[in-house]
Amino acid sequence: MTPLEWFGLAADADERMVKRAYALRLRDTRPEDDQEGFQHLHSIYQAALEQCRHAVASALVTSKPVSAPPASVKPTPKANAGLSPSSSPSPPAFDASAFTDSTIRHAGFGDAEALHDWLCAEPALWSLSLKQQVGLPLLQYIAEVRPPMPAACFQVILRFFGLDDALLDHDPLVVQRLEQGLQLAWELQPDHRGTLAQRLGLNSSWQRADMDRWLQQLARSYHAWQAGLYGSVPDRVVYLAKFVTQLTWDNIESLPTAFDQRQANFWLLAADGQRVSAPRLLIGGFRCLALLLCAALFGGLLSIAGSAPDGSLFVTPLLLSTGVTAACCLLWLLWMAWLPLDNWLGAPEYEPVRWPWLNLLLIPALCALGLAVWLGAHTNPWAWLPMVIALWLSFRRCLRRGVFANWKVNPRGLWLAMWLAISWLGHQSGELVSGEVFFPVAGTALLFWAIDLWRHRYQLRLRPASTS
């Protein structure tokens, strides 16, 4: 088997493909973990590079055969051979591939000053033209392979080659994200975990143990049900999401390829309390199931302990514990159903939403529905339900969209007044069918809606764009 075949490459592969394959293998075979395996990998890598260079040289010789000199050209006398400038030894050619490998190896040591001194001592780079030719390909190779190196060493490379303001792919954030990815890959190496713990502020031994356990979780292959079961433990989702945010500078794309970004994104979505996502529902489902099982076990034990002497089972504790737990789970499901409606109705006017007309007219539509039910049957107690929902939604819409921001009103006082009003309406539900209570509730809901409409009258989503 040839070295190229060992890397899984074709016979016509170039040096760039070999280096890419070598970088992928290097992630699994590190010198600090497997010294013998690393030496074997490095020897095959050098042999593969030599095979590529030999193939390129053979192709050049085959495509450009050397022809015999013309008959009119006389050979140079041997006496003058030593005086001919062409016969003087030429300086060795600059090996860009070897220089790239050496630069990455020196940068991986983590000493920025030593790296700068080594670059300054390279004679070939004293030529400004060669320095310009080498810098950008080196940066592009680093961006493709993403070898581990601290941010200080990466900054030394940028400054030395005059690439401080380089924008890869015309995106000013690419260099910053690349720097973060290189730093993170360097910190995740076993020898540099102390630097990572220091950056995250994890000083105690138990905090570092938690860091190692969370890194193992992020490095696992992603399975939604396994992540949901692991996150069903209380507070684990919050800690993991905070850890992912601090680890990646709130940019999960900086994670090395050894980590599955779906795993990190799972915890970020699960910890977002303002959104309803599949990870949050999955973890909540596991928690509800665990609570129901615990409630059934606890209630069953109480029922057995309180059973009558004749052997009849006292089922009241079992029914009570499971019923209360099931009611709590149902309330959580209702809250999960409420959040999307609340986010949709309280979205700022500059954000596009689905069904903008319904978003604008939902509160008047609920008031009209309640009025229709009340006019159809004055004794129908369900006429108050659309009105109360409209009142609550209009209040939440004004609160979330900053309508009360310029008012000298305490938001906590508004919340307390609203809760007292809803509680009073619940106790007086039998009298809500009368117009004395029905119309003030509907009028308050429409008042909140009209205030919000007036506040955003110049930037409504349905307002046509200006032609000027």
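Leu 330, Leu 331, Leu 333 and Leu 334 form a nonpolar surface patch of about 410 Å². Patches are built from residues with over 30% relative accessible area and no salt bridge, like charges being joined within 9 Å and nonpolar side chains (Val, Leu, Ile, Met, Phe, Trp, Tyr) within 5 Å. Accessible areas come from the Shrake-Rupley method with a 1.4 Å probe, and for residues only the protein chains shown count as cover. The model is predicted, so local features need pLDDT of at least 70 and side-chain atom pairs count only at pLDDT 80 or more, while totals for chains, interfaces and linings use all residues. Residues are numbered from 1 along each chain as its sequence is written, and side-chain values use heavy atoms, with hydrogens and water left out.

Leu 333 lies in helix α15 (residues 316–345); helices are DSSP runs (H or I, at least four residues) numbered from the N terminus. Leu 333 has a relative accessible area of 47% and is partly exposed, a class between buried (under 20%) and exposed (over 50%). Leu 184, in helix α8 (residues 174–187), is buried at 0% relative accessibility.

Helix α6 (residues 128–145) contains 18 residues and reaches 26 Å from its first C-alpha to its last, close to the expected 26 Å. The expected span is 1.5 Å times one less than the number of residues. Buried residues of α6 are Lys 131, Val 134, Gly 135, Leu 138, Leu 139, Tyr 141, Ile 142 and Val 145. They lie on the same side of α6, because they cover an arc of only 165 degrees around the axis, taken from the directions from the helix axis to the C-beta atoms. Gln 132 and Gln 133 are exposed on the other side of α6.

The count of salt bridges (a side-chain nitrogen of Lys or Arg within 4 Å of a carboxyl oxygen of Asp or Glu) comes to 11. One of them joins the side chains of Glu 253 and Arg 177 (3.5 Å, N to O). Glu 253 lies in the loop between α12 (236–247) and α13 (261–271) and Arg 177 in helix α8, so the pair ties together parts that are 76 residues apart in sequence. Glu 349, Arg 397, Arg 401 and Asp 452 are linked in a network of salt bridges.

Note on methods
Helices (H or I, at least four residues) and strands (E, at least two) are DSSP runs, numbered from the N terminus. Buried means under 20% relative accessible area, exposed over 50%, partly exposed in between (1.4 Å probe, protein chains only).
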